[in-house]
Amino acid sequence: MTQTTASPPLTLGIDGTVALLFFFAGLLAAWWALSAVKWDKFVNQPLSPQVQMLRFFLALAGGLLAVLVAILILGSMLFVRAL
């Protein structure tokens with residue numbers, strides 16, 4: 001019985017799309033979660049552009065963390081597929 005597998009470029013494209021979706025989902029979730037932080041306890045001017053940039057960079061870190069989770073999931077799927 002032959003087993004059908006996707007071609008490597010197609011698999012790479014699907015993996016990249018999944019990683020991008022995880023990144024944007026993580027970015028949005030982190031941005032949403034950071035909106036609940038009381039920034040006035042940490043900085044003098046909580047609505048300043050510097051604080052908004054800090055919030056953006058922290059949200060990017062959340063997106064990168066989500067990509068790491070996606071890589072772990074995709075890698076484990078590849079490992080299980082190879083068995």
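These are my notebook entries on what I looked up in this predicted model.

**Ground rules**

I'm working with a predicted model, where local features need pLDDT of at least 70, side-chain atom pairs count only at pLDDT 80 or more, and totals for chains, interfaces and linings use all residues. Residues are numbered from 1 along each chain as its sequence is written, and side-chain values use heavy atoms, with hydrogens and water left out.

**Entry: the helices**

I began with the helices, which are DSSP runs of H or I with at least four residues, numbered from the N terminus (strands are runs of E with at least two). Helix H1 covers residues 8–34 and holds Gly 13. Helix H2 covers residues 49–82 and holds Leu 65.

Next I checked UniProt, whose unreviewed entry places the feature "transmembrane region" at residues 12–34 and 54–80. UniProt positions are given in the numbering used here, feature names are shortened, and annotations may be inferred rather than shown by experiment. How much of residues 12–34 is helix? The span is 100% helix and 0% strand, and its end C-alpha atoms lie 32 Å apart. Residues 54–80 are also 100% helix and 0% strand, with 39 Å between the end C-alpha atoms.

**Entry: aromatic pairs**

I searched the whole structure for aromatic pairs and got 3. Rings of Phe, Tyr and Trp (its six-membered ring) pair if their centres lie within 6.5 Å; planes under 30 degrees apart count as stacked, over 60 as edge-to-face and the rest as tilted. Why is the pair of Phe 23 and Phe 24 edge-to-face? Their planes are at 65°, so the pair gets that label, and the ring centres are 5.4 Å apart. Another edge-to-face pair is Trp 39 with Phe 42, at 6.3 Å centre to centre and 65° between the planes.

I then looked at how covered these residues are. Buried means under 20% relative accessible area, exposed over 50%, and partly exposed in between (1.4 Å probe, protein chains only). Phe 23 is buried at 17%, while Phe 24 is partly exposed at 47%. In the other pair, is Trp 39 buried or exposed? Trp 39 is buried, with 13%, whereas Phe 42 is exposed at 62%.

**Entry: a charge over a ring**

Which residue lies over the face of Trp 31? I found Arg 55 there, 3.9 Å from the ring centre. For this, NZ of Lys or CZ of Arg must be within 6 Å of the ring centre and within 35 degrees of the ring normal.

**Entry: the nonpolar patch**

Phe 22, Val 69, Ile 73 and Met 77 make up a nonpolar patch on the surface, with about 310 Å² of accessible area together. Patch residues have over 30% relative accessible area and no salt bridge; nonpolar side chains (Val, Leu, Ile, Met, Phe, Trp, Tyr) are joined within 5 Å, like charges within 9 Å. A salt bridge is a side-chain nitrogen of Lys or Arg within 4 Å of a carboxyl oxygen of Asp or Glu. Areas come from the Shrake-Rupley method with a 1.4 Å probe, and for residues only the protein chains shown count as cover.

H2 gives the most to the patch, with 3 residues. I looked up Val 69, which sits in H2 and is partly exposed at 40%.

**Entry: some distances**

Leu 65 is exposed at 55%. Leu 65 and Ala 25 are 40 residues apart in sequence and 11 Å apart in space, C-alpha to C-alpha. Gly 13 is partly exposed at 37%; Gly 13 and Gln 50 are 37 residues apart in sequence and 36 Å apart in space, C-alpha to C-alpha.
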